[in-house]
Amino acid sequence: MVARAARAADLADLDGAVSDCFACPRLVDWREEVARTRRAAFRDQRYWGRPVPGFGAADARLAILGLAPAAHGGNRTGRIFTGDRSGDVLFAALHRAGLANQPTSVAADDGLALRDTRIFAAVRCAPPDNKPTPAERDTCAPWLHREVALIRPTLRVVVALGAFAWAAWWPVLREVYGVRPPSPRPAFGHGAHWSGTTAPALLGCYHVSQQNTFTGRLTPGMLDDVFARAKQLAGVD
Ligand code: SF4
């Protein structure tokens, strides 16, 4: 799988290859079981039930790194953060920031397009309880590393949604940029900021999960502040 990721010549190639990955038995079972059983509200739909590739601009200056697809969101629609409440919050914010052409993301063919921005997850298959194991995170990492390598020429800023994504970023420094990650690792927090000399800046943002947005831990204003900062660091108007 590492070799398949490394061989991907461009994003389309990578997207195709990751969609056909079966490297994690537990996650393969889960994504397929969810696709078979479905949620009542989506019973008439055919679930994607496979790994979910990244989405967005090939010349992205700004990337958003999430945890993993949602069982009835990305795992249903085939597009990351699409068809779930987390995506509703995220894409509304990206639209306010001028980075998305529409405020909603409901289906893979809904016309959504991103400007200067790419979104991907540290783990590409929906995990039970949204909790991948460390082994699954590490198994999936080569897909993330290759995706970052392919957009490296333009990438300036990464927004990590939550502590899992924040932690998943550090190995990218070694694998893609050939630099040693800072030690000790900077702690995750909302608004946390790390910058190196050759690698993109990293910004921390609470995850757009319902747990955070319904409780007011993460508000639309807080998201707007993060994306304004990210745009500034990335040089995006
Ligand atoms: S989580 Fe990643 S490595 Fe594991 S099966 Fe899915 S795409 Fe493959």
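The following legends describe close-up views of a predicted model.

**View 1. Packing of helix α5 against helix α9.** Two packed helices are described by the angle between their axes and the distance between the axes. Helix α5 spans residues 85–96 and helix α9 spans residues 220–234. The two pack at an angle of about 55°, and their axes lie 10 Å apart. The pair α5 and α9 is therefore classed as oblique. The crossing in which α5 passes α9 is right-handed.

**View 2. Residues at the contact of α5 with α9.** From α5, the contact is made by Val 89, Leu 90, Ala 93, Leu 94 and Arg 96. Their counterparts in α9 are Pro 220, Leu 223, Asp 224 and Phe 227. By class, the residues of this contact comprise seven nonpolar and two charged, with no polar residue.

**View 3. The largest pocket.** The volume of the largest pocket is about 720 Å³. Its lining consists of 26 residues. Of these, Ser 86, Asn 130, His 207, Ser 209 and Gln 210 are the closest to the centre of the pocket.

**View 4. Composition of the pocket lining.** Helices α5 and α8 each contribute at least two residues to the lining of the largest pocket. Helix α8, which covers residues 210–213, gives the most to this lining, with three residues. Sorted by class, the lining of the largest pocket has 11 nonpolar and 11 polar residues, together with four charged residues.

How values were computed: Residues are numbered from 1 along each chain as its sequence is written. This is a predicted model: local features need pLDDT of at least 70, side-chain atom pairs count only at pLDDT 80 or more; totals for chains, interfaces and linings use all residues. Side-chain values use heavy atoms; hydrogens and water are left out. Axes are lines fitted to C-alpha atoms, for helices over the stretch in contact, and angles run from 0 to 180 degrees between N-to-C directions. Helices (H or I, at least four residues) and strands (E, at least two) are DSSP runs, numbered from the N terminus. Angles under 35 degrees count as roughly parallel, over 145 as roughly antiparallel, 65 to 115 as roughly perpendicular and the rest as oblique. A crossing is left-handed if the near helix is turned anticlockwise from the far one by less than a right angle, and right-handed if clockwise. Contact means heavy atoms within 4.5 Å. Ala, Val, Leu, Ile, Met, Phe, Trp, Tyr, Cys and Pro count as nonpolar, Asp, Glu, Lys and Arg as charged, and the others, Gly among them, as polar. On a 1 Å grid over the protein atoms alone, a cavity is a set of points where a 1.4 Å probe fits but cannot get out, and a pocket is an open set with protein on both sides within 12 Å along at least five of seven lines; lining residues have an atom within 4 Å of a point. Grid points are joined across faces, edges and corners, and a volume is the space filled by probe spheres set on the points.
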